[in-house]
Structures are given as C-alpha cells and as structure tokens.
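I opened this entry to record a walk through one model.

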Amino acid sequence: MQYGNMGCDGGRVDYAFQYVRDKGIGNKSQNCLKKRGFKIKGYVDIPKGNITALANALHIQPISVAVDATDWQLYAGGIFNNCKKRLNHAVLLVAYDAQGWTIKNSWGDSWGENGFMRLARGDTCGISQMASYSLPP
C-alpha cells in the first residue's frame, strides 16, 4: 500500500494513521523512525466543518488537526485569529474553553506560549476542516 506521505518531511494525518495502523511506529532516530513496535487499531475522521463534533471528540482525547499556519511564525501569545483556511500544517488540538482552542505545535518550546497556541473559537485557521484521532489497539 502506498501511504502518500513524505516520511520525516510531512504529509497528511490520515495517511500517517494508516501507516501506524498497518506497520507500527517506534522511536525517532537520525533515520526518522526505527523499531516499529506501536500500532493503532484505526482512526476516526471528524466530519468536516463540524465544530460541535470536534469539541465532543476532544473530550475523548487530543485530536490531530490540519490548519493554515501561514502567519504563525511570529506568534508569541494571546488568542490568534489572523489566518485563512489553506491547510498546510498539522498540529495537536489539546483543549478548548469559552475563548477558544489550544493547540500544541511541533516548532519547539521557544515558539508561542511554550510550544502552544490559542486560537479563537470557531473554524479559525480551518481547524475543523481535517481533523482525526487514532483508536488504540
């Protein structure tokens, strides 16, 4: 099966879930991944654009979401809403409250609020356009 991703150079979350389901995943190394010991049963796609379903799924576990991160480089804190919906980056949605969503980014602890970002409620940066979560084995 072709998984459509580019290994350590990125790709789509659903393709990554398919790979982990079929082949497993292990620890990072200089060669990206080795020792594929962990697998998942599958994954669930949250209906596109359904903010309520996204919030409900977040009660179960963190959610992988695709977002438009074009203007995120200079984010240093606060609630962000200066973005479009051209999906180009995957992040982990970890929480929400009355003000908005909280995501964990992969750019390190020196970015944003110790590696996290708060987005305004709603479909900010396209957060509800491509969201999914894995199912344990």
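My notes follow, from the whole chain down to single residues.

**Ground rules**

I am working with a predicted model, where local features need pLDDT of at least 70, side-chain atom pairs count only at pLDDT 80 or more, and totals for chains, interfaces and linings use all residues. Residues are numbered from 1 along each chain as its sequence is written, and side-chain values use heavy atoms, with hydrogens and water left out.

**Overall layout**

I started with the secondary structure. The protein has two helices and nine strands. Helices (H or I, at least four residues) and strands (E, at least two) are DSSP runs, numbered from the N terminus. In order from the N terminus, I read α-β-β-β-α-β-β-β-β-β-β.

Next came burial. I call a residue buried under 20% relative accessible area, exposed over 50% and partly exposed in between (1.4 Å probe, protein chains only). Of the 137 residues, 36% are buried. The accessible surface comes to about 8,100 Å², and carbon and sulfur atoms hold 51% of it. That area comes from the Shrake-Rupley method with a 1.4 Å probe; for residues, only the protein chains shown count as cover.

I then looked at contacts, meaning heavy atoms within 4.5 Å. Among contacts with a separation of 6 or more, 54% join residues 24 or more positions apart.

Which residues of α1 are buried? In this helix (residues 13–23) I found Val13, Asp14, Phe17, Gln18 and Val20. Down the axis they fall within an arc of 165°, so they line one face of α1. The arc is that of the directions from the helix axis to the C-beta atoms. Just after α1, glycine 24 has a positive phi of about 85°.

Helix α2 spans residues 51–58, and its buried residues are Leu54, Ala55, Ala57 and Leu58. Their arc is only 160°, which puts them on the same side of α2. I noted the general rule beside this: an α-helix has 3.6 residues a turn, so residues three or four places apart point the same way. The cover over the buried residues of α2 includes β3 (42–46), β4 (63–67), β6, β7 (100–104) and β9.

I also checked the N-terminal end of α2. Asparagine 50 caps it, with a side-chain oxygen 3.2 Å from the backbone nitrogen of threonine 52. I take a polar contact as a pair of N or O atoms within 3.5 Å; within protein, one must be able to donate a hydrogen and the other to accept it, and residues adjacent in sequence count only if both atoms are side-chain atoms.

**Disulfide**

I searched the whole structure for disulfides (cysteine sulfur pairs within 2.5 Å) and got one. Cysteine 83 and cysteine 125 form it, with sulfur atoms 1.9 Å apart. The pair links distant parts of the chain: cysteine 83 sits in the loop between β5 and β6, cysteine 125 in the loop between β8 and β9, 42 residues apart. The S-S torsion is about -100°, so this disulfide is left-handed. Cysteine 125 is buried at 1% relative accessible area.

**Salt bridges**

How many salt bridges does the whole structure hold? I count two, taking a side-chain nitrogen of Lys or Arg within 4 Å of a carboxyl oxygen of Asp or Glu.

One joins lysine 85 and aspartate 123 at 3.2 Å, N to O. Lysine 85 lies in the loop between β5 (79–80) and β6 (89–96), aspartate 123 in the loop between β8 (116–120) and β9 (131–135), so the pair ties together parts 38 residues apart in sequence. Aspartate 123 is buried at 17%.

Another joins arginine 118 and glutamate 113 at 2.8 Å, N to O. Arginine 118 is partly exposed at 30%, and glutamate 113 is partly exposed at 25%.

**Two single residues**

I looked up threonine 124 in the loop between β8 and β9. Is threonine 124 buried or exposed? At 11% relative accessibility, threonine 124 is buried. Leaving aside neighbours within four places in sequence, threonine 124 contacts Phe80, Asn81, Cys83 and Leu119. Its side chain reaches the backbone oxygen of arginine 121 at 3.3 Å.

Last, I checked serine 64 in strand β4. Serine 64 is buried at 17%. Not counting residues up to four places away, serine 64 touches Val13, Phe17, Val91, Leu92, Met130, Ala131 and Ser132.
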